Amino acid sequence: MKDKISITLDEKLMKYIDIIRGDIPRSKFIENYLRDSSGLFEAVWIFSDELKKVNWRSQFSAHTSQPLGKPLHKHEGFIGIVPNEIKFYDGQLLPLFNVAKKDAKKIKVGYDDNFKRFGDSRGLMPPLHFSFDKKTIYIFTRQIGKVFFTGNDEEILRKVK
């Protein structure tokens, strides 16, 4: 669902937008800019302790449905990446929990001893994962409005570190 809004912008700012937007309509340019700079992403995630309880059917299904299906996960919602925190929200953007960036350790993209690639499956998307409070979280994200989830999103990795 999309809501229409009306905003008023300074004339000089509007002139600058017109210079850099090229052939993109103003409203689409502003929407894209806000989406790309907001630090808010759709996300699915699973914790290491939950991963140990997932049955092989769920793992197989998640791995073989890639890239169109959702990656292996237990939770769906959003993550917001702000200067000092990674904020997790449910599907209605209600806060769930926060992780201070200084507490996020071993940030990387890849498979590990807990989250493994399933044999020769098409699961070619390793998760972004990091540890905090003696647990590891595995995350797949996508920009709002995009189709595919990925764990190897350079923008996310840059913003999380």
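Trainee: Asp133, is that one buried or exposed?
Mentor: Asp133 is exposed, because its relative accessible area is 62%, over the 50% cut-off. Keep in mind that this is a predicted model.

Trainee: And where does Asp133 lie?
Mentor: Asp133 sits in the loop that runs between β6 (128-132) and β7 (135-143). Its phi is near 45°, a positive value in a residue other than glycine.

Trainee: What about Leu93, what is its phi?
Mentor: Leu93 is not a glycine, yet its phi is positive, at about 65°. Leu93 is in the loop between β3 (85-89) and β4 (95-100). With a relative accessible area of 41%, Leu93 is partly exposed.

Trainee: Stepping back, how many helices and strands does the protein have?
Mentor: There are 5 helices and 7 strands. Along the sequence the pattern reads α-α-β-α-α-β-β-β-β-β-β-α.

Trainee: What holds paired strands together in general?
Mentor: Strands of a sheet pair through backbone hydrogen bonds, and the pairing is either parallel or antiparallel.

Trainee: How many bridges join β2 to β3?
Mentor: Strand β2 (residues 75-82) is joined to β3 by 5 bridges, and the two run antiparallel.

Trainee: New topic. How many salt bridges are there?
Mentor: The structure holds 5 salt bridges. One of them joins Glu42 to Arg142, with the closest N and O atoms 3.3 Å apart. Glu42 is in strand β1 (residues 40-47) and Arg142 is in strand β7, so this pair ties together parts that are 100 residues apart in sequence.

Trainee: Are Glu42 and Arg142 buried or exposed?
Mentor: Both Glu42 and Arg142 are buried.

Trainee: Which residue forms a salt bridge with Lys102?
Mentor: Lys102 forms one with Asp103, and their closest N and O atoms are 3.4 Å apart. Lys102 is exposed at 62% relative accessible area, while Asp103 is partly exposed at 35%. Elsewhere, salt bridges with shared partners join Asp18, Arg21 and Arg26 into one network.

Trainee: What is the N to O distance between Asp18 and Arg21?
Mentor: The side chains of Asp18 and Arg21 meet in a salt bridge at 2.8 Å, N to O. Asp18 counts as partly exposed, at 26% relative accessibility.

Trainee: On to the rings. How many aromatic pairs does the count come to?
Mentor: The count comes to 6 aromatic pairs. Take Phe97 and Phe132: the ring centres are 6.3 Å apart and the planes are at 15°, so the pair is stacked. Phe97 is in strand β4 and Phe132 in strand β6, so to speak of sequence, they are 35 residues apart and the pair links distant parts of the chain.

Trainee: Is Phe132 buried or exposed?
Mentor: Phe132 is buried, with a relative accessible area of 6%. Phe97 is partly exposed at 23%.

Trainee: Which residues do ring pairs link into a cluster?
Mentor: The cluster consists of Trp45, Phe47, Phe88, Phe97, Phe130 and Phe132.

Trainee: What lies over the face of Phe47?
Mentor: Lys135 does, at 5.2 Å from the ring centre.

Trainee: And Ser48, which residues does that one touch?
Mentor: Leaving out residues up to four places away in sequence, Ser48 touches Asn114, Lys135, Thr136 and Tyr138. Ser48 is in helix α3 (residues 48-51) and is buried, with a relative accessible area of 11%.

Trainee: Last one. What share of the whole protein counts as buried?
Mentor: Of its 161 residues, 37% count as buried. As for contacts between residues at least 6 apart in sequence, 59% join residues at least 24 apart.

Conventions
Residues numbered from 1 in each chain as written. Predicted model: local features only at pLDDT ≥ 70, side-chain atom pairs only at ≥ 80, totals over all residues. Heavy atoms only, no water. Helix = DSSP H or I, 4+ residues; strand = E, 2+ residues; numbered from the N terminus. Buried < 20%, exposed > 50% of the residue type's maximum accessible area, 1.4 Å probe, protein only. Salt bridge = Lys/Arg side-chain N within 4 Å of Asp/Glu carboxyl O. Phe/Tyr/Trp six-rings, centres within 6.5 Å; stacked < 30°, edge-to-face > 60°. Lys NZ or Arg CZ within 6 Å of the ring centre and 35° of its normal. Contact = heavy atoms within 4.5 Å. Pairing = 2+ DSSP bridges.
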